Amino acid sequence: MKKLVLLLVVLAIAGIAYYTMKPPAEPAFSLEEGYHYLYDGKTLAGWHPVGGESTFEAAGEDIVGYHGPGANTFLRTDKTYGDFSLKLQMRWDEPGNSGVMFRANQRAADGRVYGYQFELDDSDRAW
């Protein structure tokens with residue numbers, strides 16, 4: 001009985017410690033002065049797919065991509081940007097390898113995209 005009481009006391013202390021010492025919640029995102037959104041939150045105007053046959057759609061605040069056949073598919077902006085600060089959230093509904101290309105180019109001959117990529121990989125390797 002004493003062991004059970006001791007265990008309950010320890011669990012209560014651990015619970016109190018967790019709630020009083022946990023990091024504060026992430027503040028809601030707000031656009032910093034001088035910055036603008038790349039996605040208008042309504043349409044994919046100013047964007048187009050390149051490469052394979054995956055498809056993309058505007059879904060409110062989200063851009064949703066659907067895996068399709070063929071080679072890698074990229075959704076790219078029509079505009080070119082200089083210095084930038086990129087903030088995004090990513091979610092997979094099915095496992096896959098994805099990422100964000102930046103400072104990238106596209107070959108005129110075959111349309112292949114190449115350049116730096118911020119890898120988003122939910123596999124065990126976690127690149």
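Colleague: In which element of the chain is confidence lowest?

Modeller: The model is predicted, and the chain averages a pLDDT of 79, with 77% of the residues scoring at least 70. Where pLDDT is low, the predicted coordinates should not be read in detail. Confidence is highest in strand 2 (residues 55–59), at a mean of 93, whereas the lowest mean, 58, belongs to residues 2–21, which form helix 1.

Colleague: In what order do the elements of the chain run from the N terminus on?

Modeller: The chain holds 1 helix and 6 strands. Read from the N terminus on, these elements follow the order α-β-β-β-β-β-β.

Colleague: What share of the residues in the chain is buried?

Modeller: The chain exposes about 10,900 Å², and carbon and sulfur atoms supply 57% of that area. Of the 127 residues in the chain, the buried ones make up 11%.

Colleague: Is Ser54 buried or exposed?

Modeller: Ser54 sits in the loop between strand 1 (47–51) and strand 2, and, leaving aside neighbours within four places in sequence, Ser54 is in contact with Tyr66, His67, Gly68, Pro69 and Thr73. The side chain of Ser54 also reaches the backbone nitrogen of Gly68 at 3.0 Å. Because the relative accessible area of Ser54 is 15% and the cut-off for burial is under 20%, Ser54 counts as buried.

Colleague: Which residue forms a salt bridge with Glu32?

Modeller: Side chains of opposite charge can pair when their charged atoms come close. The structure holds 2 salt bridges, and in the one made by Glu32 the closest N and O atoms are 3.0 Å apart, the partner being Lys87. Glu32 lies in the loop between helix 1 and strand 1 while Lys87 lies in the loop between strand 4 and strand 5, so the pair ties together parts that are 55 residues apart in sequence. Glu32 itself is partly exposed, with a relative accessible area of 40%, and the residue it pairs with is Lys87.

Colleague: How many residues apart in sequence are the parts tied together by Arg103 and Asp83?

Modeller: The side chains of Arg103 and Asp83 meet in a salt bridge, at 3.7 Å from N to O. Arg103 belongs to strand 5 and Asp83 to the loop between strand 4 and strand 5, so the parts that this pair ties together are apart in sequence by 20 residues.

Colleague: How exposed are Arg103 and Asp83?

Modeller: Arg103 has a relative accessible area of 46%, which makes it partly exposed. Asp83 counts as exposed, its relative accessibility being 77%.

Colleague: What is the accessible area of the nonpolar patch on the surface?

Modeller: The patch is formed by Leu38, Phe84, Leu86, Leu88, Met90, Phe102, Tyr116 and Phe118. Tyr116, one of these residues, is placed in strand 6 (residues 113–121) and counts as exposed at 55% relative accessibility. Together the residues of the patch have an accessible area of about 770 Å².

Colleague: What distance separates the C-alpha atoms of Tyr114 and Arg103?

Modeller: Tyr114 is found in strand 6 and is partly exposed, with a relative accessible area of 38%. Not counting residues up to four places away in sequence, Tyr114 touches Met101, Ala104, Asn105, Gln106 and Arg107. Tyr114 and Arg103 are 11 residues apart along the chain, and their C-alpha atoms are separated by 9.0 Å.

Notes
Residues are numbered from 1 along each chain as its sequence is written. This is a predicted model: local features need pLDDT of at least 70, side-chain atom pairs count only at pLDDT 80 or more; totals for chains, interfaces and linings use all residues. Side-chain values use heavy atoms; hydrogens and water are left out. pLDDT is the predictor's confidence in each residue, from 0 to 100. Helices (H or I, at least four residues) and strands (E, at least two) are DSSP runs, numbered from the N terminus. Patches are made of residues with over 30% relative accessible area and no salt bridge: like charges are joined within 9 Å, nonpolar side chains (Val, Leu, Ile, Met, Phe, Trp, Tyr) within 5 Å. Accessible areas come from the Shrake-Rupley method with a 1.4 Å probe; for residues, only the protein chains shown count as cover. A salt bridge is a side-chain nitrogen of Lys or Arg within 4 Å of a carboxyl oxygen of Asp or Glu. Buried means under 20% relative accessible area, exposed over 50%, partly exposed in between (1.4 Å probe, protein chains only). A polar contact is a pair of N or O atoms within 3.5 Å; within protein, one must be able to donate a hydrogen and the other to accept it, and residues adjacent in sequence count only if both atoms are side-chain atoms. Contact means heavy atoms within 4.5 Å.
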